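Welcome, and thanks for opening the viewer. Let us walk through this structure together, starting with the overall view and then selecting a few residues.

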Amino acid sequence: ITDSGTLAITGVTTLAAGASNDIKLDDLHDFSSVGITSGKDVELNDVDAIVLDASTVSGTLAVTAAGGITDDGTLAITGATTLTAGAGNVTLADASSTFGTLKITGADVSVLENAAMDLGASTITGTATFNSSGNEITDSDKLVIAGATTLNAGVGNVTLDEAESTF
């Protein structure tokens with residue numbers, strides 16, 4: 001699924017490309033909420049805030065929004081998840097969601113994941129809260145977090161060993 005112009009959709013957008021096919025909607029769109037029934041590598045671009053409904057992505061997920069990024073359902077992402085909210089907040093609070101490596105740019109960030117959490121290159125200008133539901137939390141690239149950082153791995157280990165990271 002690709003775009004050839006700008007979309008402005010006030011209701012729920014549901015996309016199904018199949019587990020082997022990509023979804024690339026990279027023009028400046030205006031979605032209210034988007035759910036991916038099936039897709040391999042998915043790219044979404046929104047002119048303001050976006051809500052991610054329940055989604056299953058067999059590859060990578062890249063979401064760029066001029067406002068905040070939130071969820072309203074379980075996100076099952078196999079590959080890397082890149083969320084760029086600029087000055088907006090990122091809040092992913094579904095207790096069943098799973099992501100590949102998380103790469104986040106935003107103001108205040110709060111992510112709940114029901115699996116081991118790997119934090120990739122991220123720049124967070126406000127506070128950051130990461131909860132891995134009792135699984136380990138690790139980093140695989142530089143983290144720059146300006147505000148307070150809360151890591152909750154329960155019984156899991158927390159290993160943040162990227163030397164260039166700042167908190």
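Begin with the surface: the accessible surface of the protein comes to about 7,300 Å², and 50% of it belongs to carbon and sulfur atoms. Please keep in mind throughout that this is a predicted model.

**The whole chain**

Switch to a cartoon view and you will find 17 strands and zero helices. The radius of gyration is 15 Å, close to the 15 Å that the globule rule gives for 167 residues, so the protein is as compact as a globular protein of that length. Turn the model along its principal axes, and the C-alpha atoms fill a box of roughly 45 × 30 × 25 Å. Colour by accessibility next: 43% of the 167 residues count as buried. If you draw the contacts between residues at least 6 apart in sequence, 4% of them join residues at least 24 apart.

**The nonpolar core**

Now for the inside. In soluble globular proteins, nonpolar side chains tend to be buried together. Here the largest nonpolar core has 36 residues. Select Leu44, Ile50, Ile69, Val111 and Phe130, the residues with the most contacts inside this core. Then highlight strand E2 (residues 23-38), which gives the core its largest share, five residues.

Move along to the loop between strand E13 (128-131) and strand E14 (137-139), where Ser133 is found. Ser132 has its place in the loop between E13 and E14 too. Is Ser132 buried or exposed? Ser132 counts as buried because its relative accessibility is 0%, under the 20% cut-off. Its side chain reaches the backbone oxygen of Asn135 at 2.3 Å. Setting aside neighbours within four places in sequence, Ser132 is in contact with Glu113, Ala115, Met117, Ile137, Asn152 and Ala153.

Select Ser133 next. Ser133 has a relative accessible area of 34%, so this residue is partly exposed. Which backbone oxygen lies 3.0 Å from a polar atom of the side chain of Ser133? The backbone oxygen is that of Glu113. Beyond neighbours within four places in sequence, Ser133 is in contact with Leu112, Glu113, Asn114 and Asn152.

Before leaving, check the backbone angles. Most residues other than glycine have a negative phi, and most peptide bonds are trans. Phi of Ser133, however, is near 50 degrees, a positive value in a residue other than glycine.

**A last stop: the salt bridge**

Side chains of opposite charge can pair when their charged atoms come close. The count for this model comes to one salt bridge. To see this pair, select Asp26 and Lys24, whose side chains meet at 3.9 Å, N to O. Asp26 is partly exposed, with a relative accessible area of 29%, and Lys24 is partly exposed as well, at 39%.

How values were computed: Residues numbered from 1 in each chain as written. Predicted model: local features only at pLDDT ≥ 70, side-chain atom pairs only at ≥ 80, totals over all residues. Heavy atoms only, no water. Helix = DSSP H or I, 4+ residues; strand = E, 2+ residues; numbered from the N terminus. Buried < 20%, exposed > 50% of the residue type's maximum accessible area, 1.4 Å probe, protein only. Contact = heavy atoms within 4.5 Å. Polar contact = N/O pair within 3.5 Å; in protein donor to acceptor, adjacent residues only side chain to side chain. Salt bridge = Lys/Arg side-chain N within 4 Å of Asp/Glu carboxyl O. Rg over C-alpha atoms; globule rule 2.2 N^0.38 Å. Areas by Shrake-Rupley, 256 points an atom, 1.4 Å probe, with all protein chains shown as cover. Core = buried A, V, L, I, M, F, W, Y, C linked by side-chain atoms within 4.5 Å.
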